[in-house]
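Please keep the sequence and the structure in view while reading.

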Amino acid sequence: MATVKKALLWRLPGLASLRAVSTSSVGTFPKRVKIVEVGPRDGLQNEKNILPTPMKIKLIDMLSEAGLPVIEATSFVSPKWVPQMADHAEVMKGIQKFPGISYPVLTPNFKGFQAAVSKKMYSVGCYEISLGDTIGVGTPGTMKDMLSAVMHEVPVAALAVHCHDTYGQALANTLMALQMGVSVVDSSVAGLGGCPYAHGASGNLATEDLVYMLAGLGVHTGVNLQKLLEAGAFICQALNRRTSSKVAQATCKL
Amino acid sequence: MGNMPSAVKHCLSYQQLLREHLWIGDSVAGAFEPAQMADHTEVMKGIRQYPGIRYPVLTPNLQGFHRAVAAGATEISVFGAASEPFSKKNINCAIEESMEKFEEVVKSARHMNIPTRGYVSCALGCPYEGNITPQKVTEVSKRLYGMGCYEISLGDTIGVGTPGSMKRMLESVMKEIPPRALAVHCHDTYGQALANILTALQMGINVVDSAVSGLGGCPYAKGASGNVATEDLIYMLNGLGVKTGVNLYKVMEAGDFICKAVNKTTNSKVAQASFNA
């Protein structure tokens, strides 16, 4: 499967809204949401323990088994900057590529892009723009304002949100995005990945918690929560860290 | 969690910070009295009661009510449930019987011009019964409101609710009780609290319960989290431009204080991000 370049637009600063949240959009959600699992890339990248390649492959395979439709497998960047992703080529070769599941890779520069493409190249053009609240400072009001602005230029069907949970706002922000018609959400199993800008802070939205909310809303994701929890338990054990997923903590019964 | 000395509770700087309700203890007599709340009288006597800040206390029966009044309480709360098994296990009586007890308490309170807040537990799910219908929640809430509670706090006791179930429950309750008399008390056991609160706000609710540092775990799921953290709630409300009158930094200081006192790490993400834990 050919890889595609994924662009990450930074949230525009200064879009603070003082308007109250509108009540008109309560209850309208997309019927299906595509979850983009970024744990193996965004998550692991921000974990200090370097994971051996077979463990990364096993994680990705477990996530594939859980039914996640898109799994960001690795990052083609220089190992000097991101040592965790040094084994990107072996990971891509080693994972089982399930039919119907996409395995995009991050390629922040042209050199990485060249390294990642297969013989058949797709023409350059991103099929999807993922809007990232990189330091998790957004709240539902600013999410709404930002999306309103972006949706003037890009159809909502081509948009995804990538919310960080640094200030506990990720799920509420994601909910707002869904109410506005966004139907692609990035998240990370076990909420892997801290925040390089705030030591000790959390990072990604946990996929388990996202799936829990979507299931409760009756939104179809195709993801098996039980298998996802198993993948989360596996990776936390491998990294010797506690899960950041509240659902996992609640169901673990320590 | 070990017992905290009364002196520590006196020093809790809630009263220096908040313009809202402060649930500080319960006046429960007998075998069900939780050890942590045994010093309710000293706490009530010891705290500084700031003007404009309310300090309700929990009073499940008439005996507790009288003790609360004797200790200086000026506002009380009663705790009902939308689930029969939960009501029996939690307060040792069926829902109907509990309502009769509360009627006595609320009636006495009204005679003394003491306002009563009513709580409905298991509003979105029960650890024993599982699913709870919105109709049942409405029935219990209406009963509490009818007997004179000025506000009904609808509690997702085990945090299983999601925005969909929150919406359905509120739609049902709001047919009988005006939104200005309703509050939500969301637990973060499954990480859904802020999303559920956002839904409630969008539906017109403007009273929200929370706990500094997200104190309080979940007695039904060991290791799970409990209350939504006040700091994280305020962060969201500030971002939405909603006025709360609360100073976030001072809440964070209070959170830092209490976490050190009980030797626990905070459950607030805002605190984790800010204190470089």
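## Surface and overall make-up of chain A

Accessible areas come from the Shrake-Rupley method with a 1.4 Å probe. On that basis, the accessible surface of chain A in this predicted model comes to about 11200 Å², and carbon and sulfur atoms account for 59% of that area. Of the 254 residues in chain A, 57% count as buried, where buried means a relative accessible area under 20%.

The secondary structure of chain A consists of nine helices and eight strands.

## Strand β2 of chain A and its partners

Strand β2 of chain A, which spans residues 34-37, pairs in the parallel sense with strand β8 of chain A, residues 184-187, over four bridges. Within this pairing, V36(A) has D186(A) as its bridge partner in β8(A).

β2(A) also pairs in the parallel sense with strand β3 of chain A, residues 70-71, here over two bridges. In β3(A), the residue bridged to E37(A) is I71(A).

## Helix α9 of chain B

How many of the ten residues of helix α9 of chain B are buried? The helix, which covers residues 193-202, is mostly covered, with nine of its ten residues buried; among them are A193(B), L194(B), I197(B), L198(B) and Q202(B).

After α9(B) comes G204(B), a residue whose phi is positive, near 105°.

Conventions
Residues numbered from 1 in each chain as written. Chains lettered and ligands numbered in written order. Predicted model: local features only at pLDDT ≥ 70, side-chain atom pairs only at ≥ 80, totals over all residues. Heavy atoms only, no water. Pairing = 2+ DSSP bridges. Buried < 20%, exposed > 50% of the residue type's maximum accessible area, 1.4 Å probe, protein only.
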